[in-house]
Amino acid sequence: MRLGLSSPLPPLETGIADYTAELLPFLARECELRLFVQEPAQVDHEIASRYETAPLGDLAHARAGGAVDLVAYEVGNSGFHAHQLRHVREHPALLVLHDLCLHPLLAYLTSERGNREAYHEMPE
């Protein structure tokens, strides 16, 4: 199976980046991996040398062209995941939620960016 995986990766200082880095060798035993990240040039050199990395914006093309069979998003409640949300809505796939509460991410996307009105309009 060809797996497209979207997740923060080291050197980003987030537990999900560290978790995903530890998970990659196990996934690679079973899948052909392609990593989709916000900034491929900023991915840890060791990871980038072992696995194909591409901008998250290339995900739709890879999916449509058959380069990946399944897409998985690793998502948590911090601003590190803000760039993934648009892609999750446009390209649904397997969504791995690392947090039961996504409120901090929603607050980051709205009121912390100066859009208090959007924060208050969020459904409960």
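The legends below describe close-up views of a predicted model. Local features are reported at pLDDT of at least 70 and side-chain atom pairs only at pLDDT 80 or more, while totals for chains, interfaces and linings use all residues. Residues are numbered from 1 along each chain as its sequence is written, and side-chain values use heavy atoms, with hydrogens and water left out.

**View A. The salt bridge between R34 and E52.** R34 lies in strand 2 (residues 32-37), where strands (E, at least two residues) and helices (H or I, at least four) are DSSP runs numbered from the N terminus. R34 forms a salt bridge with E52, the closest N and O atoms being 3.1 Å apart; the term requires a side-chain nitrogen of Lys or Arg within 4 Å of a carboxyl oxygen of Asp or Glu. Because R34 lies in strand 2 and E52 in strand 3 (residues 52-55), the pair ties together parts that are 18 residues apart in sequence. R34 is buried at 19% relative accessible area, whereas E52 is partly exposed at 43% (buried is under 20%, exposed over 50%, partly exposed in between, with a 1.4 Å probe and protein chains only). Leaving aside neighbours within four places in sequence, R34 is in contact (heavy atoms within 4.5 Å) with residues including L3, L5, A62 and V68.

**View B. The salt bridge between D69 and R2.** The closest N and O atoms of D69 and R2 are 2.6 Å apart in this salt bridge. D69 lies in the loop between helix 3 (59-64) and strand 4, and R2 in strand 1, so the pair ties together parts that are 67 residues apart in sequence. Both residues are partly exposed, D69 with a relative accessible area of 47% and R2 with 30%.

**View C. Strand 4 and its two parallel partners.** Strand 4 (residues 70-75) is mostly covered, with five of its six residues buried. Four bridges join strand 4 to strand 1 (residues 2-6) in the parallel sense, and four bridges also pair strand 4 with strand 5 (residues 94-97), again parallel; strands are taken to pair if DSSP finds at least two bridges between them. Y73 is the bridge partner of S6, and in strand 5 the bridge partner of Y73 is L95.

View D. The side chains of R50 and E46 meet in a salt bridge at 3.5 Å, N to O. Both residues lie in helix 2 (residues 45-50), four residues apart, which is about one turn of the helix. R50 counts as exposed at 56% relative accessibility, and E46 as partly exposed at 48%.
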